Every structure is written in C-alpha cells, then in structure tokens.
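Visitor: I'd like to learn how to read a few backbone features. Could you walk me through them?

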Amino acid sequence: MCGICGIINLNGQPVREPELQRMIQLIKHRGPDDMGFFIQENTGLGNVRLSIIDLSEKGHQPMFSPDRRYCMVYNGEVYNYLELKEILKHKHPFYTATDTEVVLNAFLEWGPAGLDKLNGMFALAIYDTVTKELFIARDRFGIKPFYYYIDDSIFLFASEQQVILPFLKNKLPNRKAIYEYLVFNRTDQGDYTFFEGIRKLPHGSMGILKNNKLEINKWYHLWESLKPPFKEPHEFYDAFKESIRLQLRSDVPVGVCLSGGLDSSGIVSVLVKDFDKTDLNTFSAIYDEGEKEDERKFITLYNSTLKNMFFTFPTAKSLIEDLNSFITCHSEPVATLGPYAQYKVMELARNHVKVTLDGQGAD
C-alpha cells in the first residue's frame with residue numbers, strides 16, 4: 001500500500017525532524033517494511049513502504065536521481081514498468097529493480113508528459129532541490145489517495161487526512177459536505193473533503209508548487225482518451241487478459257477478492273484458464289444462506305477448481321466490534337455498508353498475501 005507525506009514551510013522556516021517523523025508514524029500502518037525521510041531547509045518528504053517489487057533495501061524511499069537533484073516519494077504500482085525500463089535504460093542508469101526508479105526516470109526523461117506513459121495507480125511528489133519546486137501527481141482514476149492543505153505559511157500533503165489534522169489550528173467540519181452526505185448520500189465531494197481546508201488532489205491531476213503558489217491542472221481527460229468499442233469479443237478478452245498479466249507482476253504472493261460477481265469471477269477464470277493459477281488464494285465475504293447480499297452459490301462454483309479459498313462472515317456484531325478501526329481506515333463517512341464487507345475481506349487477505357487483484361469498481 002505504502003504512504004507518503006510532506007511539509008513545505010512557505011514562510012521559510014526550516015522543517016523540524018520531529019514534525020515530519022510524527023507524520024510518518026501516523027501512516028506507518030500503510031508501510032510496515034521500511035520508512036525514510038528527506039529534509040532540506042523548509043522542505044521535508046516522508047515515505048513508509050510496503051515492499052511489492054524488489055524487496056531489497058534498494059527500493060528505499062525517498063528515492064533520488066543519480067545527481068541527487070530530484071527527490072521522490074511515491075505510493076503505487078506501475079504495471080508496465082519493465083516495458084518503460086527497456087525504453088529508458090539507453091539514456092538513464094538503473095540501480096534497482098523497482099518500478100519507483102522507472103517512474104522517477106520517466107519524469108527525468110519526459111517531465112509531466114511521462115504521466116501519460118504510466119499504466120498503473122500512483123500518487124507521488126518530486127522535489128527539485130535546485131529550483132525548490134514540488135511536482136505532485138495522482139493517477140487517472142484516483143485509485144491512490146493524495147490529500148493536501150495549503151495556507152500562507154505551510155503546505156502539507158499525505159496519503160491520509162489523519163496525518164494532516166494534527167497540524168491544523170482549527171479543525172472544522174465542512175458543513176456543505178456534511179449536508180450533501182446527509183441529504184443526498186454523497187461522499188464524493190470533488191476536491192473537497194469533510195474537513196475545512198483539507199482537499200484532495202483530483203484524479204488525473206498534477207500540480208506544481210512554485211514561489212509559494214500551487215497550480216493544479218488535469219493531465220488526463222477521460223472523454224479525450226476513450227477508444228472505439230471492441231468490434232470482436234476476442235479483442236476484449238485479449239485486452240482483459242493482458243491487463244491481468246501485467247498486474248500479476250509482483251515479488252510477493254498475489255490473491256484475488258472473489259465476490260461471485262462478473263468482475264471478480266472473470267479475473268479468477270482468466271487466471272485459472274490462461275495462467276494455470278489453480279493454487280490461487282481467493283478471499284470472499286459470505287452471509288447466512290438466502291440473505292440478499294450472499295453470493296456463495298456463485299463463489300462455490302470454483303470449489304472443484306481452486307485449492308485455497310478463504311471466507312469471512314461480516315455480521316452486525318462484528319461491525320460494532322470493528323467500528324473504531326473501520327472508521328479510522330476510511331476517515332470519512334461511507335454511503336453504504338458495502339465497504340465494511342471489503343474491510344473484512346482485506347483483513348482476511350492480509351494473513352495470506354500482500355497483493356490482491358480486485359474487481360472493485362469494474363461496473
């Protein structure tokens with residue numbers, strides 16, 4: 001999962017290490033395998049790492065360009081990193097097997113235009129130690145989180161809102177967001193959150209913090225990127241299979257969240273049929289038989305095929321027991337209790353794998 005955070009004192013005051021360490025500790029649960037930070041005068045960047053690709057210490061962050069001019073913290077996974085590495089290696093040296101280094105070199109080679117070449121999910125910040133500019137970006141669909149706060153004296157960013165809140169003098173609710181949630185059940189507030197002053201970097205957006213001013217622009221526009229529909233069924237199947245092949249790249253075990261729906265069942269079927277993954281770990285939430293949300297009759301169709309199927313049983317009692325942890329994980333209200341089932345599935349999965357393929361959002 002990983003986590004990133006940072007402080008830039010716009011008033012010129014030096015960043016104090018204890019403050020940055022406090023931010024890092026607040027997201028340590030996102031990256032139990034490693035942590036690191038960088039401080040230069042009024043700027044500090046932090047990272048906690050969940051090691052997925054290149055498990056060695058070479059994947060340590062913050063990561064620097066060879067001349068140490070650029071410093072990057074990154075949360076995500078770029079699936080086509082090997083293909084990009086083949087293109088970049090003729091001009092840029094590589095010292096690790098990480099996708100992180102590929103992302104940094106893509107920025108060195110193409111600048112912000114390099115974002116278009118990344119097939120994956122990410123939130124990142126790259127600091128130029130010479131010009132003192134900070135470049136930030138988020139993936140096309142906002143899979144990876146990026147929250148920030150800015151006023152006349154400070155710019156803060158982090159993977160979770162809880163990291164920013166302790167630094168705010170006035171922790172005020174966003175009444176407009178609360179109204180829209182209570183009346184319309186809306187949880188997506190655009191770039192606003194339920195806390196006044198804390199914003200989200202919009203999906204498919206990038207920003208430059210320069211001369212104490214933050215300028216944000218879209219780098220990805222869905223309507224401009226839509227392609228003609230597939231003409232033949234095999235075209236969709238081939239694209240779907242290629243997507244799964246790329247996302248199987250990992251140096252740790254991979255599992256699948258199997259709900260019984262078309263999306264996750266499609267992923268599992270391709271993994272079994274085309275990649276011979278009969279030893280696949282699957283994780284499912286089931287309920288009392290006959291209940292509206294129970295899909296076990298579809299999930300158990302794989303009983304004779306899969307060797308490692310794991311189940312969790314969310315209940316009203318378990319929700320009460322998990323409520324504090326569940327609220328902390330989301331940090332904002334949710335529209336339905338569907339996310340709680342996913343919470344229990346992820347809780348189950350973490351005992352077996354580090355990575356899951358998920359059909360969430362396929363519809």
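Guide: Helices and strands here are DSSP runs, numbered from the N terminus: a helix is H or I over at least four residues, a strand is E over at least two. This is a predicted model, where local features need pLDDT of at least 70, side-chain atom pairs count only at pLDDT 80 or more, and totals for chains, interfaces and linings use all residues. Residues are numbered from 1 along each chain as its sequence is written, and side-chain values use heavy atoms, with hydrogens and water left out.

Visitor: Where does Pro 62 lie?

Guide: Look in the loop between β3 and β4 (63-64).

Visitor: In what sense do β2 and β3 pair?

Guide: Two strands pair if DSSP finds at least two bridges between them. β2 (residues 34-40) and β3 (residues 43-49) have seven bridges and run antiparallel. For one of the contacts, follow Phe 38 across to its bridge partner in β3, Leu 45. Two residues separate the strands of this hairpin, and Glu 41 in the turn has a positive phi of about 55°.

Visitor: Which loop holds Asn 212, and is Asn 212 buried or partly exposed?

Guide: Buried means under 20% relative accessible area, exposed over 50%, and partly exposed in between (1.4 Å probe, protein chains only). Asn 212 sits in the loop between β11 (205-210) and β12 (213-218), and at 38% it is partly exposed. Its phi is positive, about 65°, although it is not a glycine.

Visitor: What is phi of Asn 185?

Guide: Near 60°, again positive in a residue other than glycine. Find Asn 185 in the loop between α5 (175-184) and β10 (199-200); with a relative accessible area of 37%, Asn 185 is partly exposed.
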